[in-house]
Amino acid sequence: QVHLVESGGGLVQPGGSLRLSCAASGSIFSRYAMGWYRQAPGKQREWVATITIGGSTNYGDSVKGRFTISRDSAKDTVYLQMNSLKPEDTAVYYCNVNIDLLAFWGQGTQVTVSS
């Protein structure tokens, strides 16, 4: 079984920063691409960022220029550095890995941006 565990969420003021972590089992992130997604109440799940095995990154338009995805293969951990946070960024953030025909998701971590 593949286990993904997100952490680092919390309450932050607008304009602040948070760094989310996604820890995986079995050296997953050194072998597969992964992504960050988020879902706000009443809204569909939204793609946030992707990082490939080679380190290439892509971002959704809503976070481009503010968020940075990175990987530490030695720790089998993927990060999402979130800067200039807005109230609209409030959501549960999930990491995802697609392995063959299966999609794996963590339990999510809550990010709340509010004064």
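A charge is taken to sit over a ring if NZ of Lys or CZ of Arg is within 6 Å of the ring centre and within 35 degrees of the ring normal. The exercises below apply this and related criteria to a predicted model.

**Exercise 1. Determine which residue lies over the face of tyrosine 37, and at what distance from the ring centre.**

**Exercise 2. Find how many aromatic pairs a search of the whole structure gives, and classify the geometry of the rings of tyrosine 37 and tryptophan 105.**

Solution. The search of the whole structure returns 1 aromatic pair. Its ring centres, those of tyrosine 37 and tryptophan 105, are 5.1 Å apart, and the planes stand at 65 degrees, so the pair is classed as edge-to-face; the cut-off that this step needs is that planes over 60 degrees apart count as edge-to-face. Turning to the strands, tyrosine 37 belongs to β4 (residues 34-39) and tryptophan 105 to β10 (residues 102-105), so the pair ties together parts that are 68 residues apart in sequence.

**Exercise 3. Identify which cysteines form a disulfide, and state whether they are buried or exposed.**

Solution. The count comes to 1 disulfide, formed by cysteine 22 and cysteine 95, whose sulfur atoms are 1.9 Å apart. The angle about the S-S bond is 55 degrees, and the link of cysteine 22 and cysteine 95 is right-handed. Because cysteine 22 is in strand β3 (residues 18-24) and cysteine 95 in strand β9 (residues 91-99), the pair ties together parts that are 73 residues apart in sequence. Both cysteine 22 and cysteine 95 are buried.

**Exercise 4. Describe the largest pocket by its volume and by the classes of its lining residues.**

Solution. The volume of the largest pocket is about 190 Å³. Its lining consists of 14 residues, and those nearest the pocket centre are Arg38, Ala40, Lys43, Glu46 and Glu88. Sorted by class, the lining has 7 charged, 4 polar and 3 nonpolar residues.

**Exercise 5. State where serine 70 lies and what separates its C-alpha atom from that of glutamate 88.**

Solution. Serine 70 is found in strand β7 (residues 67-72), and with 31% relative accessibility serine 70 counts as partly exposed. Along the chain, serine 70 and glutamate 88 are 18 residues apart, while their C-alpha atoms are separated by 22 Å.

Terms used:
Residues are numbered from 1 along each chain as its sequence is written. This is a predicted model: local features need pLDDT of at least 70, side-chain atom pairs count only at pLDDT 80 or more; totals for chains, interfaces and linings use all residues. Side-chain values use heavy atoms; hydrogens and water are left out. On a 1 Å grid over the protein atoms alone, a cavity is a set of points where a 1.4 Å probe fits but cannot get out, and a pocket is an open set with protein on both sides within 12 Å along at least five of seven lines; lining residues have an atom within 4 Å of a point. Grid points are joined across faces, edges and corners, and a volume is the space filled by probe spheres set on the points. Ala, Val, Leu, Ile, Met, Phe, Trp, Tyr, Cys and Pro count as nonpolar, Asp, Glu, Lys and Arg as charged, and the others, Gly among them, as polar. Rings of Phe, Tyr and Trp (its six-membered ring) pair if their centres lie within 6.5 Å; planes under 30 degrees apart count as stacked, over 60 as edge-to-face and the rest as tilted. Helices (H or I, at least four residues) and strands (E, at least two) are DSSP runs, numbered from the N terminus. A disulfide is a pair of cysteine sulfur atoms within 2.5 Å. Buried means under 20% relative accessible area, exposed over 50%, partly exposed in between (1.4 Å probe, protein chains only).
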